[in-house]
Amino acid sequence: MSIERAAVDGVELPARPGKIVAVHLSYISRAKQRGRRPTHPSYFFKPSSSVSTAGGVIERPSGTELLAFEGEIALIIGKAARRVPIDKAWSHISGVTAANDFGLYDLRDNDKGSNVRSKGRDGYTPMGPGVIDAKDVDPNALRLRTWVNAQLVQNDTTDALLFSLAQLVADLSQHFTLEPGDVILTGTPAGSSVVVPGDVVEVEVDAPSTTLTSGRLTTRIVQGDSKFDPKIGSVPAVNDTQRAEAWGSMEVANLNTPTTAFTLTEELGGKLAAVPVAGLSQELRKRGLNNVSIDGVAALAPGTKMVGVARTLRFVPNREDLFDAHGGGYNVQKRTFDTVEPGEVIVIEARGEQGSGTLGDILALRARERGAAGVVTDGGVRDRDTVVEIGLPVFAAGPHPAVLGRRHVPWESDITIACGGTTVQPGDVIVGDSDGVIVIPPAIAEEVANAALAQEQQDQWIADQVAAGSPVEGLFPPNDEWRTRYEKWRLSQHNRR
């Protein structure tokens with residue numbers, strides 16, 4: 001086992017690290033829970049006095065309610081790291097262990113992201129009990145699990161990180177020297193929530209393909225009687241936003257959610273696919289929505305139909321220094337295509353700039369394999385013929401042979417964007433066909449689909465009458481006489497079913 005191996009190899013827990021550096025947001029699952037995906041990692045420091053290498057007991061201070069656990073993988077620096085490249089970064093890690101980054105959300109708002117008071121209390125960084133020798137494991141194949149009162153609540157792996165463990169080490173080493181004994185807390189996955197006095201939290205890190213494990217780090221929560229003096233500094237203060245983030249969601253926190261989460265069901269998707277975009281546009285206009293078309297884009301393949309929910313991606317105009325910082329490596333463009341979910345349409349804001357491609361065959365292939373419903377970009381597309389062969393619905397301003405960096409810098413995702421002259425928000429319903437692409441607010445998608453289907457049936461009946469020789473006067477649109485005839489026909493069709 002790793003605990004025994006650690007003792008043989010001399011890899012030990014640092015009782016008082018020189019520095020503890022923690023990552024704000026690093027797991028894809030946590031980013032989805034929080035509704036944001038950072039372009040780059042961000043950090044905060046924890047005092048070494050917060051470390052407890054034995055787990056044991058921690059207090060929830062008097063007057064607080066939102067003490068939350070965060071199971072994490074802790075990296076122990078074995079040799080000094082200063083400006084190390086990613087491919088050399090792991091060699092500077094001596095050991096891997098379990099940690100719990102406890103925090104008081106009651107104090108978080110006043111900390112403004114520094115987390116000094118909310119996460120810096122004595123004992124709020126338990127680590128251990130054993131150490132896995134870093135030489136024995138693949139940093140991309142580690143698993144983190146957390147239990148509360150023996151119930152598994154967190155279970156994630158390092159192949160689901162937004163930023164690799166090696167990248168975190170390399171990035172930090174650009175700014176200051178990581179010294180032997182320093183600790184990096186690498187972030188927590190989804191599942192972090194509130195614990196109360198009497199709860200027992202256990203965290204374990206292991207390498208599932210081996211027998212290596214940190215062992216279970218056990219911490220018990222007790223009620224403290226210490227109070228905060230308002231004459232000296234900040235006192236606990238909570239609101240529903242803090243409660244929702246501490247518990248993990250508004251539902252878990254027993255808060256009333258303002259709206260029910262929208263799901264594009266198979267039935268609704270079928271309705272939207274059965275109606276021309278022109279018909280949906282007409283129904284939206286009846287409801288006062290005229291600015292919902294993504295203009296200037298067309299399907300790469302004739303006859304393409306696309307229905308899905310928006311996943312947004314934004315490019316900004318190219319500036320060489322910004323492209324150096326944001327354009328290379330595993331940038332936000334690649335991460336978006338790598339994490340798109342089935343049924344999502346990647347909608348790209350490229351400012352109508354057609355002078356370079358905003359995706360090509362490799363990214364289109366990745367999106368198709370992930371189950372994406374399509375891509376919409378008001379910019380260009382490279383490898384047009386191959387993209388068409390891949391079969392992913394793509395609507396674009398046109399083809400262009402140049403790479404992204406000629407005109408764009410990939411900047412951020414999962415935010416409100418402007419594409420083709422209209423606003424698109426994550427979760428909006430996107431429908432495209434030969435007439436173009438429109439955006440439907442999720443709250444009225446069912447209503448609009450039903451109305452458009454009804455209108456489509458009426459339009460087809462009118463077309464049949466015109467084809468049979470009837471003049472359009474009074475028929476298109478129908479006057480009272482023709483409307484009565486139509487209703488009689490519609491009822492007869494319904495009775496035949």
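Mentor: Let's start with S470, which counts as buried at 19% relative accessibility; buried means under 20% relative accessible area, exposed means over 50% and partly exposed is in between, using a 1.4 Å probe and protein chains only. Before going on, know that this is a predicted model, where local features need pLDDT of at least 70, side-chain atom pairs count only at pLDDT 80 or more, and totals for chains, interfaces and linings use all residues. Residues are numbered from 1 along each chain as its sequence is written, and side-chain values use heavy atoms, with hydrogens and water left out.

S470 sits in the loop between α14 (445-467) and α15 (480-496). Those names come from DSSP runs numbered from the N terminus: helices are H or I with at least four residues, strands are E with at least two. If you skip residues up to four places away in sequence, S470 touches Q465, L475 and W482, and contact here means heavy atoms within 4.5 Å.

Now zoom out for a moment. The protein chain has 15 helices and 28 strands, and its C-alpha atoms fill a box of roughly 95 × 50 × 45 Å along the principal axes. Of the 497 residues in the protein chain, 50% are buried. Take the contacts between residues at least 6 apart in sequence: 77% of them join residues at least 24 apart.

Another loop residue to look at is G360, found between β19 (344-349) and α12. G360 is buried too, with 11% relative accessibility. Leaving out neighbours within four places in sequence, G360 has contacts with R382, D383 and V387. Also, G360 and L404 are 44 residues apart in sequence, yet their C-alpha atoms are 9.5 Å apart in space.

One of those partners, D383, deserves a stop. D383 is in the loop between β21 (380-381) and α13 (384-390) and is partly exposed, at a relative accessible area of 32%. Its phi is near 55 degrees, a positive value in a residue other than glycine. As background, most residues other than glycine have a negative phi, and most peptide bonds are trans. N149 also has a positive phi, near 50 degrees, and lies in the loop between β11 (143-148) and β12 (151-157). N149 is partly exposed at 44%. As for the peptide bonds, the one from G128 to P129 is cis, with omega near 0 degrees; P129 is in the loop between β9 (125-126) and β10 (132-133).

Back to α12 (361-370): its axis and that of α11 (332-339) come within 7 Å and cross at roughly 30 degrees. Axes are lines fitted to C-alpha atoms, for helices over the stretch in contact, and angles run from 0 to 180 degrees between N-to-C directions. That crossing makes α11 roughly parallel to α12, since angles under 35 degrees count as roughly parallel, over 145 as roughly antiparallel, 65 to 115 as roughly perpendicular and the rest as oblique. On the α11 side the contact uses Q333, F337, D338 and T339, and on the α12 side L363, R366, A367 and R370.

Now for rings. A search of the whole structure turns up 2 aromatic pairs; rings of Phe, Tyr and Trp (its six-membered ring) pair if their centres lie within 6.5 Å, with planes under 30 degrees apart called stacked, over 60 edge-to-face and the rest tilted. F45 and F176 form a tilted pair, 5.8 Å centre to centre with 40 degrees between the planes. F45 is in strand β2 (43-46) and F176 in the loop between α6 (165-173) and β13 (183-185), so the pair ties together parts 131 residues apart in sequence. F45 is partly exposed at 46%, and F176 is partly exposed at 23%.

Helix α6 itself is mostly covered, with 8 of its 9 residues buried. Among them are L165, L168, V169 and L172. The buried residues of α6 pack against β1 (20-23), β2, β6 (71-77), α3 (86-89), β7 (93-100) and β13.
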